[in-house]
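Please open the structure in your viewer and keep the selection tool at hand.

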Amino acid sequence: MTDASAMLPVMLIAGGTGSIGAEIARQARAAEWTVVVHGRNPAKADIALDLNEADAAARLIDQTVALHGRLDAVIDCVSTGVPGITGLFPDTDPASYAPFYDVSAAWFQRLSHAAYPHLKARGGTLIAFISDAGKFAAPRQTSIGAARAATIGFVRNLAMEAARDLIRVHAISPSYVAGSASAARMGSERMATAEKRAGLGLPCAADIAPLALFLCSPGAEKITGQIISVNGGLNA
């Protein structure tokens with residue numbers, strides 16, 4: 001770590017090897033952030049760590065700070081599915097509810113807890129990526145919506161508390177994201193239907209990344225506790 005690099009703010013992108021995380025990383029580096037990308041694939045990530053491992057959140061934060069000596073922003077792009085969580089509620093598997101919560105809402109809580117003392121040092125930003133399932137009711141998303149709504153409640157309450165330490169907390173809530181892995185899983189027919197409903201067109205990663213960077217910037221230092229949808233007008 002050089003003296004020059006130590007002066008740059010440090011951003012950790014958890015689950016940063018997907019389309020949105022990779023685009024945030026690209027734009028952040030262009031904006032002179034030092035970026036640490038986390039993922040499970042060591043060929044794509046600066047820190048390779050399975051979030052199911054013991055103390056994964058604390059270890060991820062510790063490794064980031066060990067690399068660069070500071071931490072100014074944490075963006076959680078982790079997207080992990082659990083079999084049996086989707087579909088009509090009677091068809092879901094009750095055994096999947098707790099595991100899904102653990103790798104979604106509870107994971108972000110653990111990550112925030114580990115990052116808090118480091119973000120407090122200079123005033124920093126926490127951002128969770130969720131989905132519109134937590135804001136807008138729809139069939140086949142009951143359990144997913146519950147977990148995302150839990151993160152919304154956590155973000156809003158933590159934002160009020162953490163403001164005294166100059167930490168800002170937000171959630172970004174996409175719906176259908178063109179060109180993403182989730183879009184491939186949904187299939188072309190479902191994406192085409194969503195495209196027709198979105199008056200502004202479905203967003204891609206390049207449409208979402210600038211919002212994340214703005215929320216981490218000095219220009220957003222008086223903004224906290226926001227849950228912002230990026231959905232092209234699909235939901236309002």
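A salt bridge here is a side-chain nitrogen of Lys or Arg within 4 Å of a carboxyl oxygen of Asp or Glu, and in this predicted model the count by that rule comes to seven.

Select Arg-70 and Asp-72 to begin, whose side chains meet in a salt bridge with N and O 2.8 Å apart. Arg-70 counts as buried at 13% relative accessibility, and Asp-72 is likewise buried, with a relative accessible area of 9%.

Next, select Arg-110 together with Asp-102, where a salt bridge joins the side chains at 2.9 Å from N to O. Here Arg-110 is partly exposed, at 31% relative accessible area, and Asp-102 is also partly exposed, at 34%.

Then move to Lys-120 and Asp-165, a salt bridge in which the closest N and O atoms are 3.9 Å apart. Lys-120 belongs to helix α5 (residues 105–120) and Asp-165 to the loop between α6 (142–162) and β6 (168–174), so this pair ties together parts 45 residues apart in sequence. Lys-120 is partly exposed, with a relative accessible area of 46%, whereas Asp-165 is buried at 17%.

Finally, select the whole chain, which holds nine helices and seven strands. Its radius of gyration is 17 Å, close to the 18 Å that the globule rule gives for 236 residues, so the chain is as compact as a globular protein of that length. Of the 236 residues, 49% count as buried, and the mean positions of the 20 positive and 20 negative charges lie 4 Å apart.

Conventions: Residues numbered from 1 in each chain as written. Predicted model: local features only at pLDDT ≥ 70, side-chain atom pairs only at ≥ 80, totals over all residues. Heavy atoms only, no water. Helix = DSSP H or I, 4+ residues; strand = E, 2+ residues; numbered from the N terminus. Rg over C-alpha atoms; globule rule 2.2 N^0.38 Å. Buried < 20%, exposed > 50% of the residue type's maximum accessible area, 1.4 Å probe, protein only. Lys, Arg positive; Asp, Glu negative; His and termini not counted. Charge placed at Lys NZ, Arg CZ, Asp CG, Glu CD.
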